[in-house]
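The following exercises are meant to be worked through with the sequence and the model side by side. Try each task before reading its solution.

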Amino acid sequence: MTTGHIDQGGHPVLPVDLFDRQGRLRRVEAMLDTGFDDFLALPSHWVQRLGLVWAARMPMRVATSEWALFDVYEATVWWFGARLPIRVLQTQSEILVGTRLLWESQLAVQFWEGGVVSVQSRPE
């Protein structure tokens, strides 16, 4: 299980452990965005810090319903006790967890100050 919290702005936040190019785990605090249907979005300084490998450029519809091009990188996260290869979209804003990373899991959110955000893998 992964456990996070509700931040001061009322946003659900989860820790995400990513492997850098040297194989070391780096933890980021990511805001949960159920409108983002990919794995993870990271600002460019995190992409550089982790040494992620560029994979492609991809169009995606953003919150304003406009289309924008994003650089996509290959990454690996430590998720439910295993390495999971994912796509990371490079952004110029906050770190976001999308619904693709949450696939095959259960999400519970206590939407109040100090509330707990938890994600656990789907029972087999």
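**Exercise 1.** Classify Phe-80 by its relative accessibility.

Solution. The relative accessibility of Phe-80 is 28%, so Phe-80 counts as partly exposed, a class that lies between buried, under 20% relative accessible area, and exposed, over 50%, with a 1.4 Å probe and protein chains only. Before going on, note that this is a predicted model, in which local features need pLDDT of at least 70 and side-chain atom pairs count only at pLDDT 80 or more, while totals for chains, interfaces and linings use all residues. Residues are numbered from 1 along each chain as its sequence is written, and side-chain values use heavy atoms, with hydrogens and water left out.

**Exercise 2.** Find the aromatic pairs of the structure and describe their geometry.

Solution. The structure holds two aromatic pairs, where rings of Phe, Tyr and Trp (its six-membered ring) pair if their centres lie within 6.5 Å, and planes under 30 degrees apart count as stacked, over 60 as edge-to-face and the rest as tilted. Phe-19 and Trp-78 form an edge-to-face pair, with 6.3 Å from centre to centre and 80 degrees between the planes. This pair links distant parts of the chain, since Phe-19 lies in strand S2 and Trp-78 in strand S6 (residues 67-79), 59 residues apart; strands are DSSP runs of E with at least two residues, numbered from the N terminus. Phe-19 is buried because its relative accessible area is 10%, whereas Trp-78, at 37%, is partly exposed. The rings of Trp-79 and Phe-80 have centres 5.0 Å apart and planes at 50 degrees, so this pair is tilted. With a relative accessible area of 8%, Trp-79 is buried.

**Exercise 3.** Which charged side chains lie over the rings of Phe-19 and Trp-46?

Solution. A charge sits over a ring if NZ of Lys or CZ of Arg is within 6 Å of the ring centre and within 35 degrees of the ring normal. Over the face of Phe-19 lies Arg-83, at 3.8 Å from the ring centre. Over the ring of Trp-46 sits the charged end of Arg-49, 4.4 Å from the centre of that ring.

**Exercise 4.** Trace the pairing of strand S1 (residues 2-6) with its partner strands.

Solution. Two strands pair if DSSP finds at least two bridges between them. Strand S1 pairs with strand S10 (residues 116-121) in the antiparallel sense over four bridges, and Val-119 in S10 is the bridge partner of Thr-2. Strand S1 also pairs in the antiparallel sense with strand S2 (residues 12-19), here over two bridges, with Pro-12 in S2 as the bridge partner of Ile-6. S1 and S2 form a hairpin with five residues between them, and in the turn Gly-10 has a positive phi of about 85 degrees.
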